Amino acid sequence: MVVDDHVAVRAGAKQILSSDPELNVVGEAATGEAAVVMAVRRRPQVILMDILLGRGIDGYETTAQILAELPDVGVIMFTAYGERQMLAQGL
């Protein structure tokens, strides 16, 4: 599953991931709230999560809510911002 507030980023990630026949993108969401609902419904194995989502809850809170419901899901967090401190906050 891919979570990012930018359409182009979601589309690019989906295209790259879908090029591998062993991967299946089960959904994409533009907001944290939508991601939580979708994750609970579709139960992905891995979520590619943007840290900064444009509105609503951010990637950290989204991840916390998803992991509360689905503790075994893997989450890969990413950001376009170059500050390591932002990524470290997610640990």
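This is a predicted model: local features need pLDDT of at least 70, side-chain atom pairs count only at pLDDT 80 or more; totals for chains, interfaces and linings use all residues.
**Packing around α2**

User: What do the buried residues of α2 pack against?
Analyst: They pack against β1 (2-3), β2 (28-29), β3 and α3 (59-69). Buried means under 20% relative accessible area, with exposed over 50% and partly exposed in between (1.4 Å probe, protein chains only). Helices (H or I, at least four residues) and strands (E, at least two) are DSSP runs numbered from the N terminus.

User: Ok. Which residues of α2 are buried?
Analyst: G32, A35, V36, M38 and A39.

User: Take A35. What does it touch?
Analyst: M1, V3, A29, T62 and I66, leaving out residues up to four places away in sequence. The contact cut-off is heavy atoms within 4.5 Å.

User: T62, then. Where is it, and is it buried or exposed?
Analyst: T62 sits in helix α3. T62 is buried, at a relative accessible area of 0%.

User: What is around it?
Analyst: Apart from neighbours within four places in sequence, T62 is in contact with G32, A35, V36, M49, L53 and I57. Of these, G32, A35 and V36 are among the buried residues of α2.

User: Switching to the largest nonpolar core. Which members touch the most others?
Analyst: The core has 13 residues, and M1, V3, A35, A39, I47 and I66 touch the most other members. Elements giving two or more residues to this core are α2 (32-42) and β3 (46-50). α2 gives the most, with four. A nonpolar core here is a set of buried Ala, Val, Leu, Ile, Met, Phe, Trp, Tyr and Cys residues joined through side-chain atoms within 4.5 Å.

User: What comes after α2?
Analyst: R43, with a positive phi near 50 degrees.

User: Now β3. How does it pair with β1?
Analyst: β1 and β3 pair in the parallel sense over two bridges, and V2 has L48 of β3 as its bridge partner. Pairing requires at least two DSSP bridges between the strands.

User: And with β4?
Analyst: β3 and β4 (residues 74-78) also pair in the parallel sense, over five bridges. The bridge partner of L48 in β4 is I76.

Notes: Residues are numbered from 1 along each chain as its sequence is written. Side-chain values use heavy atoms; hydrogens and water are left out.
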